[in-house]
Amino acid sequence: MSDTRRRVKVYTLNEDRQWDDRGTGHVSSSFVERLKGTTLLVRAESDGSLLLESKISPNTAYQKQQDTLIVWSEADNYDLALSFQEKAGCDEIWEKICQVQGKDPALDITQDPIDESEEERFEEIPETSHLVELPPCELSRLEEIADLVTSVLSSPIRREKLALALMSEGYIKKLLGLFRVCEDLDNREGLHHLYEIVRGVLFLNKAALFEVMFSDDCIMDVVGCLEYDPALVQPKRHREFLTKTAKFKEVIPITDSELRQKIHQTYRVQYIQDIILPTPSVFEENFLSTLTSFIFFNKVEIVSMLQEDEKFLTEVFAQLTDDATEDSKRRELVNFVKEFCAFSQTLQPQNRDAFFKTLANLGILPALEIVMGMDDLQVRAAATDIFSYLVEFSPSMVREFVMQEPQQTDDDVLLINVVIKQMICDSDPELGGAVQLMGLLRTLIDPENMLASTNKTEKTEFLSFFYKYCMHVLTAPLLANTAHDKNPKDLQEGSTKINPVCPDNFQTAQLLALILELLTFCVEHHTYHIKTYIMNKDLLRRVLVLMNSKHTFLALCALRFMRRIIGLKDEYYNRYIIKGNLFEPVINALLDNGTRYNLLNSAIIELFEFIKVEDIKSLIAHIVDNFYKALESIEYVQTFKGLKGRYEQEKDRQSQRLNRYRRDARSLDEDEELWFNDDDDDDDGEAVEKRMEDDFSDSYGKYMEAKKGAANGANGANNNGKAAVIPPSSPAVTPNNSSASSVKTVALPATPVVKTALVGLVDYPDDEDEEEEDEEEEQSPRKRPRLSS
């Protein structure tokens with residue numbers, strides 16, 4: 001036994017009725033004691049692991065298809081297939097299976113699975129009725145034959161018996177001979193019967209019959225029979241299409257006759273399944289599963305044969321990139337590669353990996369870089385489809401190629417820039433190609449599919465490359481369509497209404513919407529790189545010019561971009577928005593929209609509602625300080641009143657916090673005067689109070705700055721600082737007590753205030769002991785270093 005003879009691929013049928021490749025190995029048959037029977041064993045050729053262990057059951061129906069396939073079902077909805085490299089190996093295993101089951105190896109099926117009701121129905125059929133008796137193949141008996149074929153479709157056992165009868169008597173070729181006679185005589189009734197017969201034979205779902213029907217001698221007559229559907233007034237002209245309209249183009253001559261025949265056969269069978277046969281009903285959906293498998297294995301074989309022919313593919317890519325190649329020839333070459341990639345989708349993951357690696361080694365990406373920049377629309381469209389296959393297969397492979405390209409002085413030659421320019425220059429009014437390319441760019445710049453490694457080099461290097469060499473190409477249409485007179489004074493004021501250029505052209509507006517969608521994606525996923533780019537280019541201001549567009553969808557895209565930025569709750573962005581006064585175009589758009597209740601209105605209100613709910617203090621203060629007068633009349637939602645409320649609450653909170661550290665001058669009783677006069681560390685207390693004042697000055701803005709100025713003035717007049725800003729009643733700090741020392745006053749109201757760890761606002765006579773203990777416990781460690789400073 002040679003290795004190649006027993007070399008097989010193991011397939012299983014998944015829920016979508018597609019064959020999944022479980023691996024390649026070598027098959028053998030031996031008795032397994034544990035399973036108590038002869039068993040098929042397949043061991044992987046890579047590591048010797050067990051891919052398949054299947055006991056040959058006496059009741060399992062095995063089928064041999066296309067001379068190199070054995071198919072069977074082990075359980076409900078679990079189908080298996082062995083695809084042999086050589087016919088001899090398939091015959092050996094088939095003989096072993098038939099030997100175990102006591103069947104004739106000349107047959108292509110050992111038996112058919114029969115459920116109990118079927119067994120009961122046919123248990124009384126005598127042994128002599130092994131085959132269905134077919135009427136003689138004559139014109140006068142066509143109606144009888146058609147009735148017989150259609151009647152057996154509901155019974156698995158009768159379908160099998162009919163298939164055996166059709167094969168044993170060479171009946172198919174006789175029927176197709178009658179078809180030619182009927183067509184010569186224009187016998188429509190006979191042709192209608194032949195349509196029913198051929199359609200029924202296809203629904204028998206038997207690979208052995210397909211081998212006969214789809215052979216070069218018979219397939220066109222089969223197509224001819226299927227033209228005469230009784231439901232049609234005039235027959236279809238499928239043969240005319242297949243022979244005259246559909247042309248087989250050989251971009252590079254295919255010398256292998258077997259490969260040529262397989263390509264022709266696959267195309268015609270696919271045409272029968274997709275075009276000629278009606279869509280099967282719910283009850284017929286499994287009738288053509290073997291036909292689907294027939295096409296599937298043909299495609300796998302075609303791709304494998306082409307992939308193994310290195311001279312053929314090398315010549316294809318050489319001509320594709322040759323400047324001397326004529327445009328018409330190059331168009332055919334690109335279409336061939338596109339079709340080749342489409343066929344590869346039938347391959348299983350590991351085979352598809354090998355396929356695309358072969359293309360990469362042959363130079364598919366440099367070739368695409370050339371053809372995608374050509375003027376021919378058909379060539380560019382086909383190249384885009386090929387590029388999409390590559391990106392879907394391995395974004396990392398494309399990124400690696402892009403970063404390894406020599407850095408030319410002109411960035412236009414880079415593959416990604418070629419793709420971006422094709423997106424921008426899409427001539428389709430609906431921008432179908434641009435939408436497809438935008439999706440591919442999104443995949444390429446998505447950090448989620450970048451290889452995770454310890455040093456994260458792919459993400460860092462590629463994003464740095466993209467923002468350095470490609471981002472300016474992507475944003476060029478956006479910046480060009482939002483240009484205005486950039487008076488520095490106007491830019492400081494944040495006005496976006498200075499001679500804005502808002503695109504009225506629908507196609508341009510669609511393109512800008514796509515670019516904004518991609519930029520919004522970048523804001524969500526790229527953080528540092530996009531943040532730097534937005535700041536350097538003042539990009540948000542330019543985007544918000546589009547709030548003036550007459551195309552509402554474009555205004556919404558601009559708003560969505562800003563909403564994503566604000567959604568990050570990044571104070572770096574918030575300061576940029578406040579400094580540029582970038583809420584102005586949004587609020588103008590809201591006011592211009594008036595009382596119309598539409599998507600733009602809702603989206604803008606949602607933006608402000610988010611700011612309110614998330615309590616983004618800096619933005620709330622900016623909005624209320626600058627725009628509340630314009631917004632207070634909007635009462636159909638409570639958003640803006642809520643913002644005002646948040647603003648007032650924050651002001652009150654700051655005022656209360658401020659009052660805890662600042663005291664008005666109050667009269668002191670004698671005990672307090674004595675207590676303060678005995679304090680030896682008055683100057684240290686002054687230092688702490690002044691440091692405390694400095695801490696809060698940063699948080700409370702101009703209000704605190706004014707107060708601090710007053711304090712400094714008072715300190716200049718009075719060195720002790722007790723009579724001006726810091727009243728004598730302020731607590732002095734000693735090494736044994738902190739700023740939480742009690743303050744005794746008579747001017748404050750009697751309402752008790754909760755003591756904090758910093759300052760007790762009200763003190764009661766019988767709390768002194770507790771406070772002294774608290775002073776020692778709550779002494780602030782972060783204040784101690786300041787005392788010694």
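Colleague: How many Å does helix H23 reach from its first C-alpha to its last?
Modeller: Keep in mind that this is a predicted model. H23 covers residues 506-526, which is 21 residues. At 1.5 Å a residue you'd expect 30 Å, and the helix comes close to that, with a reach of 30 Å.

Colleague: Which residue caps the N-terminal end of H23?
Modeller: Look for a side-chain oxygen sitting 2.8 Å from the backbone nitrogen of glutamine 507. At the other end, H23 is followed by threonine 527, with a positive phi near 45°. The N-terminal cap itself is asparagine 505.

Colleague: How do H19 and H23 lie relative to each other, roughly parallel or roughly antiparallel?
Modeller: The axes of H19 (residues 432-444) and H23 come within 10 Å and cross at roughly 15°. Angles under 35 degrees count as roughly parallel. H19 and H23 are therefore roughly parallel.

Colleague: What is the hand of that crossing, and which residues of H23 make the contact?
Modeller: H19 goes past H23 in a right-handed crossing. From H19, the contact uses Ala434, Val435, Met438, Leu441 and Arg442. On the H23 side, the residues are Leu514, Glu517, Leu518 and Phe521.

Colleague: Is threonine 325 buried or exposed?
Modeller: Threonine 325 sits in the loop between helix H12 (310-321) and helix H13 (327-344). Leaving out residues up to four places away in sequence, threonine 325 touches Gln319, Arg330 and Leu333. Its relative accessible area is 12%, and the cut-off is under 20%, so threonine 325 is buried.

Colleague: And for the chain as a whole, what percentage of residues count as buried?
Modeller: The chain has 36 helices and seven strands. Among contacts with a separation of 6 or more, 65% come from residues 24 or more positions apart. Of the 789 residues, the buried share is 48%.

Technical notes
Residues numbered from 1 in each chain as written. Predicted model: local features only at pLDDT ≥ 70, side-chain atom pairs only at ≥ 80, totals over all residues. Heavy atoms only, no water. Helix = DSSP H or I, 4+ residues; strand = E, 2+ residues; numbered from the N terminus. Expected span 1.5 Å × (residues − 1). Polar contact = N/O pair within 3.5 Å; in protein donor to acceptor, adjacent residues only side chain to side chain. Axes fitted to C-alpha atoms, helices over the stretch in contact; angles between N-to-C directions. Parallel < 35°, antiparallel > 145°, perpendicular 65-115°, else oblique. Left-handed = near helix turned anticlockwise from the far one by under 90°. Contact = heavy atoms within 4.5 Å. Buried < 20%, exposed > 50% of the residue type's maximum accessible area, 1.4 Å probe, protein only.
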